[in-house]
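Here are a few exercises to work through with the model open in your viewer. Try each task before you read the solution under it.

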Amino acid sequence: MSALRPSRPARFGQYLALLAYLAFLAFPLLWLISTAFKPAPELGSLHPTWIPRDPTWANFRQAFDEQPLLRAAANSLLAALAAALVSVAVATPLAYVTARARGKAASAVTGWVVVSQAFPFVLVIIPLFLVLKNLRLIDSLPGLVMVYVVWSLPFALWMLVGYVRAVPAELEEAAAVDGAGRVRTLVSVTAPLLAPGIVATALFAFVTSWNEFFFALVLLKSPEKQTLPVVLTHFLGAEGVADLGPLAAAAFLATIPSLVVFAVIQRRITGGKLAGAVKS
């Protein structure tokens, strides 16, 4: 067993590489927070600093005074939650059937998932716009939610198929031998084991919808219906010059919901274990 363990220099190199990767991931967020608390003179300084010398809340006050951030955040939250719930509700039974099926049907579904992810936004926006126009859902949050569901559903289905396949079919067969019906087996045996996958898929759909910009920009025209990513662009001037302080403050606030959602449900993501699933 000792031969399989990495040596101390190898472990030190692994930890060092992991630390460097974490620093690489954290740098944009830390710099964003630092910029959000810097006053205007420090933002224009030729010698930027990590920690603001004179931190201020003025950028946050200015951001709320200039743009309707709370209303835009409410629109984004409503659209993201609705898209996540609908995507999971539709993808879960489809994923179960696809994972348990055999033959050309399952292969066709998998191929559709892979191909659908290759289409760029620009290629599908015109057909989507025409469909929503015929349904009279242009410039409406329900129409935007429908687009988010359609766009996130293939990847959500692909994720859940992997989770379903990780659940041994023998567990369901054992439950059937014990006299459990199909519905009871799915509810009592399969569903608890799929809970981490369902939560992870919902998180993916939520974060994707919360951060989405292009569809919201094209489909929503009324200022009172615009989402937060679209409103953030209003901090850019006519010549593309950014009001950096308020923009950083608003962008930092826009990242908080995703961080909070992940922090709340991360135990569910890592808590999927088969312990106790087999009858003792």
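This is a predicted model: local features need pLDDT of at least 70, side-chain atom pairs count only at pLDDT 80 or more; totals for chains, interfaces and linings use all residues.

## Exercise 1: α8 against α9

**Task.** Work out which classes of residue make up the contact of α8 with α9, and at what angle the two helices pack.

**Solution.** 
- Step 1: sort the residues by class. The contact of α8 with α9 comes out at 5 nonpolar, 2 polar and 2 charged residues.
- Step 2: get the geometry. Two packed helices are described by the angle between their axes and the distance between the axes.
- Step 3: α8 covers residues 169-177 and α9 covers residues 182-211; they pack at about 145°, and their axes are 10 Å apart.
- Step 4: check the hand. The crossing of α8 past α9 is right-handed.

## Exercise 2: α4 against α9

**Task.** Find how far apart the axes of α4 and α9 are, and say which hand the crossing has, left or right.

**Solution.** 
- Step 1: α4 spans residues 69-100 and packs against α9 at an angle of about 145°, with 8 Å between the axes.
- Step 2: α4 passes α9 in a right-handed crossing.
- Step 3: look at who touches whom. The α4 side includes Ala 73, Leu 77, Ala 80, Ala 84, Val 88 and Tyr 96, and the α9 side includes Arg 182, Leu 186, Ile 198, Ala 202, Phe 206 and Trp 210.
- Step 4: by class, the contact of α4 with α9 holds 14 nonpolar, 6 polar and 1 charged residues.

## Exercise 3: Zoom in on Leu 186

**Task.** Which residues does Leu 186 contact once you set aside its neighbours within four places in sequence?

**Solution.** 
- Step 1: Leu 186 belongs to helix α9.
- Step 2: list the partners that are left, which are Tyr 96 and Ala 191.
- Step 3: check the surface. Leu 186 has a relative accessible area of 29%, so it counts as partly exposed.
- Step 4: Leu 186 and Glu 172 are 14 residues apart in sequence, and 7.8 Å separates their C-alpha atoms in space.

## Exercise 4: Rings and a lysine

**Task.** Why is the pair of Trp 31 and Trp 50 edge-to-face?

**Solution.** 
- Step 1: count. There are 12 aromatic pairs in the structure.
- Step 2: take the ring geometry of Trp 31 and Trp 50. The ring centres are 5.4 Å apart and the planes are at 90°, so this pair is edge-to-face. The cut-off you need is that planes over 60 degrees apart count that way.
- Step 3: see what the pair joins. It links distant parts of the chain, with Trp 31 in helix α1 (residues 8-36) and Trp 50 in the loop between α2 (40-43) and α3 (58-66), 19 residues apart.
- Step 4: check accessibility. Trp 31 is partly exposed at 29%, and Trp 50 is partly exposed at 47%.
- Step 5: contrast that with Phe 214 and Phe 215, a tilted pair with 6.1 Å from centre to centre and 55° between the planes. Phe 214 is partly exposed at 25%, whereas Phe 215 is buried at 0%.
- Step 6: go back to Trp 31. The charged end of Lys 38 sits over its ring, 4.5 Å from the centre.
- Step 7: pick out a cluster. Phe 37, Trp 57, Phe 60 and Phe 252 form one aromatic cluster.

## Exercise 5: Step back

**Task.** How many helices and strands does the protein chain have?

**Solution.** 
- Step 1: the chain has 12 helices and 0 strands.
- Step 2: of its 280 residues, 35% count as buried.
- Step 3: take the contacts with a separation of 6 or more; residues 24 or more positions apart account for 71% of them.

Conventions:
Residues are numbered from 1 along each chain as its sequence is written. Side-chain values use heavy atoms; hydrogens and water are left out. Rings of Phe, Tyr and Trp (its six-membered ring) pair if their centres lie within 6.5 Å; planes under 30 degrees apart count as stacked, over 60 as edge-to-face and the rest as tilted. Helices (H or I, at least four residues) and strands (E, at least two) are DSSP runs, numbered from the N terminus. Buried means under 20% relative accessible area, exposed over 50%, partly exposed in between (1.4 Å probe, protein chains only). A charge sits over a ring if NZ of Lys or CZ of Arg is within 6 Å of the ring centre and within 35 degrees of the ring normal. Axes are lines fitted to C-alpha atoms, for helices over the stretch in contact, and angles run from 0 to 180 degrees between N-to-C directions. A crossing is left-handed if the near helix is turned anticlockwise from the far one by less than a right angle, and right-handed if clockwise. Ala, Val, Leu, Ile, Met, Phe, Trp, Tyr, Cys and Pro count as nonpolar, Asp, Glu, Lys and Arg as charged, and the others, Gly among them, as polar. Contact means heavy atoms within 4.5 Å.
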